[in-house]
Amino acid sequence: MTNLAPEVRSIFDQTIEKKGFVPNVLSIYGPRPELLGGIAALSSSFGAGQLTDAEREVVFLSTSVANKCRYCVAGHTYYGLKAGVDAEDVDRMRRAEPISNARYEALRMFSQTLALNRGHSAKHVEEQFQSAGYTRSHTFDVIVGVAAKTLSNMTASLHDLPLDEAFEPYVWSPEQAALQVPIG
């Protein structure tokens, strides 16, 4: 981490403080401080929203599965377990299968549908999401989370980023998920 622009060093230092390391999906943006800053700001706004840490991981993991990102699925398996998401539910999310926690299942389906349909034909899933106890305000948290994760999914997939050491036990491939695009 030598010769980094001050704004990059600051973001990397904050990431190390929070996560213990700088994931490859962030470090690749080191030469582009203006882009790294934007990504960090989007992620920070999602983190400051109304969802719990575990709920944010449900959004990130289900979005990563929908976008078939092997790097991010491995990473958010690690982070989801650390946030307290049930291990069986994490395993089922990795396979794009329904999970036992009804509230998280509504969140998983809403996030996955937003990612797969880009917001189209998602009204019925949003209604199910809100029936599970979430509010219209939570809807915006999920939209920002799906958008933030889609950016890192594209980066990691396009550049075939190697897994960080912490993520290696959670290797994943898209063939493990039985995704179906929900329609209207």
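## Helix H8 and its buried side

In this predicted model, helix H8 spans residues 123–131 and has three buried residues, namely Val 125, Glu 126 and Phe 129. These residues cover an arc of only 105° around the axis, which puts them on the same side of H8. An α-helix has 3.6 residues a turn, so residues three or four places apart point the same way. What covers the buried residues of H8 includes helix H7, residues 102–117, as well as H9.

The face of H8 that is turned away from this buried side carries Lys 123 and Ser 131, both of them exposed. H8 is followed by Gly 133, a residue whose phi is positive, near 110°.

Lys 68 lies in the loop between helix H4, residues 53–66, and H5, while Arg 118 is found in the loop between H7 and H8. Because its relative accessibility is 62%, Arg 118 counts as exposed.

## Aromatic pairs around Phe 167

A search of the whole structure finds nine aromatic pairs. One of them joins Phe 21 and Phe 167 in an edge-to-face arrangement, with 5.7 Å from centre to centre and 65° between the planes. Phe 21 lies in the loop between helix H1 (6–19) and helix H2 (24–27), whereas Phe 167 lies in the segment after helix H9 (136–158), so this pair ties together parts that are 146 residues apart in sequence.

Phe 167 also pairs with Tyr 78, here in a tilted arrangement with 5.7 Å between the centres and 55° between the planes. This second pair likewise links distant parts of the chain, since Tyr 78 belongs to helix H5 (residues 70–82) and Phe 167 to the segment after H9, 89 residues apart. Tyr 78 and Phe 167 are both buried; for Phe 167 the relative accessibility is 2%, which is why this residue counts as buried.

## The cluster and the lysines over rings

Phe 21, Tyr 78 and Phe 167 are among the members of one aromatic cluster, which they form together with Tyr 71, Tyr 79 and Tyr 170. Tyr 79, a member of this cluster, has Lys 19 lying over its face, at 4.1 Å from the ring centre. A lysine is also placed over the ring of Phe 60, where Lys 149 lies over the face at 4.7 Å from the ring centre.

How values were computed. Residues numbered from 1 in each chain as written. Predicted model: local features only at pLDDT ≥ 70, side-chain atom pairs only at ≥ 80, totals over all residues. Heavy atoms only, no water. Phe/Tyr/Trp six-rings, centres within 6.5 Å; stacked < 30°, edge-to-face > 60°. Helix = DSSP H or I, 4+ residues; strand = E, 2+ residues; numbered from the N terminus. Buried < 20%, exposed > 50% of the residue type's maximum accessible area, 1.4 Å probe, protein only. Lys NZ or Arg CZ within 6 Å of the ring centre and 35° of its normal. Arc of directions from axis to C-beta. Contact = heavy atoms within 4.5 Å.
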